[in-house]
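This note sets out a few points for a colleague who is opening the structure for the first time. Please read the points below alongside the sequence and the model.

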Amino acid sequence: MSKKGAVSRGIFKAMGIFGGTQVLSIICSIVRNKLVSMWLGASGMGLFGLYNSAIDMLNVLTNMGLRTSSVRDISQAFASGDESHIARVVKIVRRWSWMLGAVGAALTMLLAPVLSHVTFGDTAHAWGYGVLSVSVLCFSVLCCEQAVLQGVKRLKALAKASVWGNATGLALSVPMFYYMGEASVVPSILVYAIANVVSVWVLRCRDYDCQAPSVSVSETARGGLDFFRFGFFITLSVFSTLLVSYIFMAYLNHRADMATVGYYQAGYAMVNRYSALFFSAIGMEYYPRLSAVAHSKVRIDVFVTQQAAITLWILLPVIMVFMLCRTLVVDVLYTSDFYSMIPFVTWCMVGLVFKGVSWCMAFVILAKGASKVYLVTELISSVLCLVFNIVFFELWGLDGLGVSYAVWYLSYLVIVAVAYVKEFGIALRSAMLWHTAYAAAMSVAAMWAVSNGYCAVAVATAVLAGGVSIVKIRKSVGKSK
């Protein structure tokens, strides 16, 4: 059995374990967005987006990259086999999560009037941000328990907690959407947060609770400094991304109207949130595997090239199906009132090609612990995102935001590639460049065909792209035989 084929099989096995339950989470998200679009309309979607963008920003700011950074500490402790050491690390991480969550909740309540004024132009919505301070505490605890489950390789429990949390949150939110209308936005966000943290708490890892040694306050502070330092730079980079999103949402709300914000939010969720579940399923296996070989340029080169190829072969058929069925997809996920966002989302699907490849290379920066490089690349990317969004929206309105998405991820791909080559001395393989160019060309061709009414050309393009992807995937997996 070749190593390359074995790795390919490992990738698909991990996707099967975690991806299956992620599908159920996607279904919950689809149903939720469908009901919101039906009962609350575009303005309701916009209100969700405005509240979520601010809360997400505060979550990242106060959580200090706990999920990503603590996974490394817990994984290393787990690999040592010393149960006392594992219990100590888990106890420290849990203490930090509660502390950071409490600070975040207090900060949210303090900033509630400011957030309301910046977002809505008044302080009438300050109560909403005050209520959602509880969700900030929930998010911190949620990230901690997810990190523990991932660090000790309990991926099934992690996925199950996600499904139960989303399903419970949806079941409790549906009556709110129907009877309360737009007034349900804040309580439904809070219900989702509580449902998720309760689910992960029920399924949390308890193996080391009784073995946890006594850890003083000073030991907790010292023990948390390692993942705190690493998480600090991650927090700054993620915070910059969310800050840009928040600024642009506020700009769009003032420059256009709440309905436009709703269309943008719905389209962005369709592309980013659903694709994020796909990337998350792959990343559960890819990130630890890449971290284990971070010292070897040759193995990183092989892994990144292989991962990028598999990611593109899986993404491309999905993009083709959307191109052919985009109106049906919007009908299923939302309503006919949201047809105006179709050109925007279509351009975004082209951008997914560049996102997939850049995502594979960006993990190298994290795997090597180059937090400053990661911060610089993300800051440059965030600034470009804001500039592109404003420029293209002023030029072509909502459709222009789709063009902005594609151009932004193409620029991000170039930025990450420069860091990949210059900082780490790893050459870009010609195969990865050709695969990226091919996937982008097929996506643009399908978009052009459907946009201009050439259905036969669009179908032919989709069949060709899907056929090539199937052959490539079978060939990749077959090498392990």
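1. Ala 441 lies in helix 14, which spans residues 430-451. The model is a predicted one. Asp 399 is 42 residues from Ala 441 along the chain, and the C-alpha atoms of the two are 20 Å apart.

2. Helix 4 (residues 83-120) packs against helix 6 (residues 133-151) at an angle of about 160°, and their axes are 7 Å apart. The two helices are therefore roughly antiparallel, since angles over 145 degrees are counted in that way. The crossing of helix 4 and helix 6 is right-handed. Residues of helix 4 that make the contact include Val 90, Arg 94, Trp 98, Gly 101, Ala 105 and Met 109, while those of helix 6 include Ser 133, Leu 137, Ser 140, Cys 144 and Val 148.

3. Helix 6 also packs against helix 8 (residues 185-202), at an angle of about 30° and with the axes 9 Å apart. Helix 6 and helix 8 are therefore roughly parallel, as angles under 35 degrees are counted so. Their crossing is left-handed. On the side of helix 6 the contact involves, among others, Val 134, Cys 138, Leu 142 and Leu 149; on the side of helix 8, residues including Leu 190, Ile 194, Val 197 and Trp 201 take part.

4. How many aromatic pairs does a search of the whole structure find? The search gives 23 aromatic pairs. In one of them, the ring centres of Tyr 51 and Phe 120 are 5.7 Å apart and the planes meet at 50°, so this pair is tilted. The pair joins distant parts of the chain, with Tyr 51 in helix 2 (residues 41-63) and Phe 120 in helix 4, 69 residues apart.

5. Are Tyr 51 and Phe 120 buried or exposed? Tyr 51 has a relative accessibility of 2% and counts as buried. Phe 120 is buried as well, with a relative accessible area of 14%. Both assignments follow because buried means under 20%.

6. Further aromatic features deserve attention. Ring pairs join Phe 248, Tyr 251, Tyr 264, Tyr 268, Phe 344 and Phe 393 in a cluster. The charged end of Arg 32 is placed over the ring of Tyr 192, at 4.0 Å from its centre.

Note on methods
Residues numbered from 1 in each chain as written. Predicted model: local features only at pLDDT ≥ 70, side-chain atom pairs only at ≥ 80, totals over all residues. Heavy atoms only, no water. Phe/Tyr/Trp six-rings, centres within 6.5 Å; stacked < 30°, edge-to-face > 60°. Helix = DSSP H or I, 4+ residues; strand = E, 2+ residues; numbered from the N terminus. Buried < 20%, exposed > 50% of the residue type's maximum accessible area, 1.4 Å probe, protein only. Lys NZ or Arg CZ within 6 Å of the ring centre and 35° of its normal. Axes fitted to C-alpha atoms, helices over the stretch in contact; angles between N-to-C directions. Parallel < 35°, antiparallel > 145°, perpendicular 65-115°, else oblique. Left-handed = near helix turned anticlockwise from the far one by under 90°. Contact = heavy atoms within 4.5 Å.
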